[in-house]
Amino acid sequence: MSTPRSRSLIDVLEKDYVPVRGIVAGTENRYRHTLEVCARMLGRKRIGVKHLNAKVCGTILRRMEAKGYAPATVYLAASTLLSLAKFLHDEGQIEKVPHFRLPVVPEQSPVAWSYEELARLNRACSQARHYIGRVRSNVFWSALHQVAFETACRINELMQLEWTDIDFQTRIVIFRAETRKGQRAPHPEKLSPETIETLLKMKKHATHNVVFWIPFTFRTLQKRYVRLLKMAKLPADRDHGFHCLRRTGVTWFSHFGGMAQDMLGHADPKTAKRYLDPRFAFVNPDRPCDIVPKPGMAQEPLRVGAGSG
């Protein structure tokens with residue numbers, strides 16, 4: 001039996017951290033990938049509990065920065081190491097939590113697809129060839145995008161959606177609490193008739209209860225999505241992955257006056273605002289330029305969205 005300090009952090013993640021903290025599969029995969037990157041920075045196949053000290057952790061972060069990793073990626077590595085260290089300290093497996101400098105991550109504006117880009121993406125979906133399982137690729141991609149746009153749910157939640165979660169009569173889809181981040185409450189949304197029609201096409205050929213079932217790894221699905229974006233002549237970088245679908249749905253919902261906080265299921269409106277692309281979102285209709293008196297203005301300006309009475 002291995003001693004606590006001889007264990008690898010991936011072993012700690014899989015056998016201890018995930019069961020106790022109850023994190024979802026997507027987060028677990030992100031932690032695992034981050035730990036693999038940290039190990040490479042040390043020239044090792046794996047990183048262990050014994051490496052959770054300020055000197056080694058600091059070396060990992062400096063080497064990531066030197067190799068040109070994005071600040072957000074370096075910050076994720078730092079927070080992952082810190083989270084596991086705090087967990088092991090609480091479990092009495094290490095004596096102290098290492099202290100090291102957390103990198104500064106410049107706040108960036110969220111990126112969503114424009115209407116013109118959405119049209120190109122939808123065309124690419126409809127022109128996709130071959131099959132995913134027994135479902136035609138064009139039907140699979142069209143359904144995935146339509147549900148993503150209309151619900152603004154995370155890709156991990158979409159990939160766990162089951163046919164029994166959809167009421168085809170009322171057009172209500174319910175994302176179960178256990179599939180959602182935090183696992184606190186289910187999240188219902190209504191789908192359009194067009195999306196229901198596309199889902200019914202999928203359902204005819206479905207062989208599993210999971211709606212967006214794939215016969216390969218999620219990493220392979222990501223690679224196929226990159227090819228789809230390139231086919232649409234759209235950016236295929238980290239800002240335009242599956243999470244861009246979530247930002248796009250809530251951005252355009254907000255643009256037309258919807259409450260982003262309600263659609264995302266966030267308790268804090270400030271958190272919801274971080275998902276809105278300021279180029280398109282209807283974040284705050286009243287800006288100083290809309291309100292301050294203008295030369296020759298004879299009456300108080302009408303508020304955007306206000307009725308005529």
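How many of the residues lining the largest cavity are nonpolar, how many polar and how many charged? Let us work towards that through the whole protein. This is a predicted model, in which local features need pLDDT of at least 70 and side-chain atom pairs count only at pLDDT 80 or more, while totals for chains, interfaces and linings use all residues. Residues are numbered from 1 along each chain as its sequence is written, and side-chain values use heavy atoms, with hydrogens and water left out.

The protein has 13 helices and five strands; these are DSSP runs numbered from the N terminus (helices H or I, at least four residues; strands E, at least two). Of its 309 residues, 43% are buried, meaning under 20% relative accessible area with a 1.4 Å probe and protein chains only. Among contacts (heavy atoms within 4.5 Å) with a separation of 6 or more, 62% join residues 24 or more positions apart.

For a look at the packing, take helix α2 (residues 25-41) and helix α4 (residues 71-90), whose axes lie 10 Å apart at an angle of about 105°. Here axes are lines fitted to C-alpha atoms over the stretch in contact, and angles run from 0 to 180 degrees between N-to-C directions. The two helices α2 and α4 are therefore roughly perpendicular, a label for angles of 65 to 115 degrees. On the α2 side, R30, Y31, T34, L35 and C38 meet L76, A77, T80, L81, S83 and L84 of α4. This contact of α2 with α4 has seven nonpolar, three polar and one charged residue.

Now to the cavities. On a 1 Å grid over the protein atoms alone, a cavity is a set of points where a 1.4 Å probe fits but cannot get out, and its lining residues have an atom within 4 Å of a point. Points are joined across faces, edges and corners, and the volume is the space filled by probe spheres set on them. There are two cavities of 30 Å³ or more.

The largest cavity holds about 110 Å³. Its lining has 14 residues, with V135, A206, T207, V211 and W213 nearest the centre. That brings us to the opening question: the lining of the largest cavity has nine nonpolar, four polar and one charged residue. Ala, Val, Leu, Ile, Met, Phe, Trp, Tyr, Cys and Pro count as nonpolar, Asp, Glu, Lys and Arg as charged, and the others, Gly among them, as polar.

The second largest cavity, of about 40 Å³, is lined by residues including A148, C153 and H243. Helix α10 (242-255) gives the most to this lining, with four residues.

Technical notes: 1 Å grid on protein atoms, 1.4 Å probe; cavity = no way out; pocket = protein on both sides within 12 Å on 5 of 7 lines; lining within 4 Å. Parallel < 35°, antiparallel > 145°, perpendicular 65-115°, else oblique. Buried < 20%, exposed > 50% of the residue type's maximum accessible area, 1.4 Å probe, protein only.
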